[in-house]
Amino acid sequence: MNLCPTLLFPRAALCATALVAAACALSTPALATVTVTLAPLQTTIKRGEDVLVRVTLTNTAAAVQYVLRWRTPLDGIDDALFDVRRDGQPVTYLGRHIKRAAPGPADFLRLEPGASLTQTVELSRLYEMTVTGAYTVRYRAPAVPATAATAKNPATPQPLAGELTSNAVNLWIDGRLPRGSKGAVLAPETTGTGLSYSNCSNAQQEQLVTAMDAGRAMAADSHAYLGAGTDYGARYTTWFGAPDATRGARVSANFTAIKDAFETRPVKIDCDCDEPYFAYVYPARPYTVWVCKAFWAAALTGTDSRGGTLVHELSHFDVVAGTDDHVYGQAAAAELARTAPERAVNNADSHEYFGENTPPQQ
């Protein structure tokens with residue numbers, strides 16, 4: 001990734017096209033505006049050239065705004081923050097999906113009134129762009145909604161409530177593969193069963209066996225709950241919102257696939273991660289899960305557990321449930337279910353908390 005230095009400067013005359021409404025508190029929302037501008041360094045990319053775009057976020061409001069750092073390109077890209085399409089069709093995201101803890105004050109970027117930050121991002125290592133064609137790129141990063149807990153504490157940064165969405169830019173890429181090809185994404189390993197390891201000690205392997213057993217039990221229990229009928233109770237509504245036949249069918253299909261992944265797919269766990277996260281995966285590369293520091297510090301079951309983390313990560317794979325990370329933490333996931341259930345059914349932590357069922361709900 002080719003990143004230019006971060007710049008903070010007074011608001012310039014930017015060609016911003018996306019407005020995001022933010023709430024300072026749940027009870028008395030006040031409008032706030034952050035605009036996102038996307039600009040390509042070049043619009044025609046020859047074979048073998050990097051695909052570089054410049055992202056600028058500007059606070060055009062009169063008040064300070066807080067944006068989650070991982071929803072910006074400031075520290076690099078570790079999520080699918082761009083909507084990329086080739087000839088009108090979605091392009092595969094090749095980067096990581098990470099399970100993080102619920103955000104704390106240090107996770108927020110303070111953006112002063114009139115200030116901007118700019119970062120240049122190289123896209124071809126993050127998205128499948130080896131095929132010749134007309135590409136459309138838009139920055140689209142969902143922000144974490146304020147929860148009741150954060151709204152009660154004026155010292156807690158209040159995150160933006162809506163998406164950070166930019167203008168769309170058009171690119172022509174002369175790729176290594178001819179127009180119309182399916183791309184060069186590696187074919188996933190989808191056959192075989194069993195658990196394998198990489199860079200894991202004997203002690204870690206023992207703990208991973210029990211974690212897989214716990215996650216498998218969560219997936220099976222969730223599958224049984226959803227298969228018992230459509231009269232869902234608090235367990236469902238807490239994490240996925242008001243009952244709806246279409247959304248319920250999607251959640252049920254997701255847990256069918258997650259259960260199948262635990263029981264019939266060749267899951268590989270790699271312990272070579274020294275980062276503070278729980279775990280991460282590359283959704284286009286099943287079924288390898290990297291486990292990190294927070295994973296080893298977690299309990300076997302319960303909230304944000306080892307077993308639940310594996311439910312979360314397996315749900316991310318494109319060939320399983322293809323979930324995203326809209327929000328992290330129980331409070332934010334419950335708020336997402338209440339206010340945006342269509343996003344909750346695609347949120348990995350929502351699936352994890354449904355599976356962990358802590359505290360127990362019917």
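This is a predicted model: local features need pLDDT of at least 70, side-chain atom pairs count only at pLDDT 80 or more; totals for chains, interfaces and linings use all residues.

Biologist: Which counts describe the protein chain as a whole, in helices and strands?

Modeller: The protein chain contains nine helices and 15 strands. Of its 362 residues, 51% count as buried. Sequence separation is a further guide: among contacts between residues at least 6 apart in sequence, 73% join residues at least 24 apart.

Biologist: How many residues does helix α2 have, and what span does α2 reach?

Modeller: One compares the distance between the end C-alpha atoms with the span expected at 1.5 Å a residue. Helix α2, residues 202-227, has 26 residues and reaches 38 Å from the first C-alpha to the last, close to the expected 38 Å. Just after α2, glycine 229 takes a positive phi of about 145°.

Biologist: Which residues of α2 are buried?

Modeller: The general idea is that an α-helix has 3.6 residues a turn, so residues three or four places apart point the same way. In α2 the buried residues are Gln204, Leu208, Ala211, Met212, Ala214, Gly215, Met218, Ala219, Ser222, Tyr225 and Leu226.

Biologist: How is the packing of α2 against α9 to be read, and at what angle do their axes cross?

Modeller: Two quantities are used, the approach of the axes and their crossing angle. The axes of α2 and α9 come within 8 Å and cross at roughly 90°. Angles of 65 to 115 degrees count as roughly perpendicular, so α2 is roughly perpendicular to α9. On the α2 side the contact involves Met218, Ser222, Tyr225 and Leu226, which meet Phe354, Gly355 and Glu356 of α9. By type, the residues of this contact are four nonpolar, two polar and one charged. The α2 members Met218, Ser222, Tyr225 and Leu226 are also among the buried residues of that helix.

Biologist: Where are the cis peptide bonds from proline 286 to tyrosine 287 and between threonine 358 and proline 359?

Modeller: Omega is the angle to inspect. From proline 286 to tyrosine 287 the peptide bond is cis, with omega near 0°; tyrosine 287 lies in the loop between β14 (279-281) and β15 (288-291). The bond joining threonine 358 and proline 359 is also cis, with omega about -5°. Proline 359 belongs to the segment after α9 (348-356).

Biologist: Is aspartate 87 buried, exposed or partly exposed, and why?

Modeller: Burial is decided by relative accessible area: under 20% is buried and over 50% exposed, with partly exposed in between. Aspartate 87 is partly exposed because its relative accessible area is 36%.

Biologist: Why does threonine 165 count as buried?

Modeller: The cut-off for buried is under 20%, and threonine 165 counts as buried because its relative accessibility is 16%. Threonine 165 is in strand β11, residues 163-173. A polar contact of 3.4 Å joins its side chain to that of glutamate 163.

Conventions: Residues are numbered from 1 along each chain as its sequence is written. Side-chain values use heavy atoms; hydrogens and water are left out. Helices (H or I, at least four residues) and strands (E, at least two) are DSSP runs, numbered from the N terminus. The expected span of a helix is 1.5 Å times one less than its number of residues. Buried means under 20% relative accessible area, exposed over 50%, partly exposed in between (1.4 Å probe, protein chains only). Axes are lines fitted to C-alpha atoms, for helices over the stretch in contact, and angles run from 0 to 180 degrees between N-to-C directions. Angles under 35 degrees count as roughly parallel, over 145 as roughly antiparallel, 65 to 115 as roughly perpendicular and the rest as oblique. Contact means heavy atoms within 4.5 Å. Ala, Val, Leu, Ile, Met, Phe, Trp, Tyr, Cys and Pro count as nonpolar, Asp, Glu, Lys and Arg as charged, and the others, Gly among them, as polar. A polar contact is a pair of N or O atoms within 3.5 Å; within protein, one must be able to donate a hydrogen and the other to accept it, and residues adjacent in sequence count only if both atoms are side-chain atoms.
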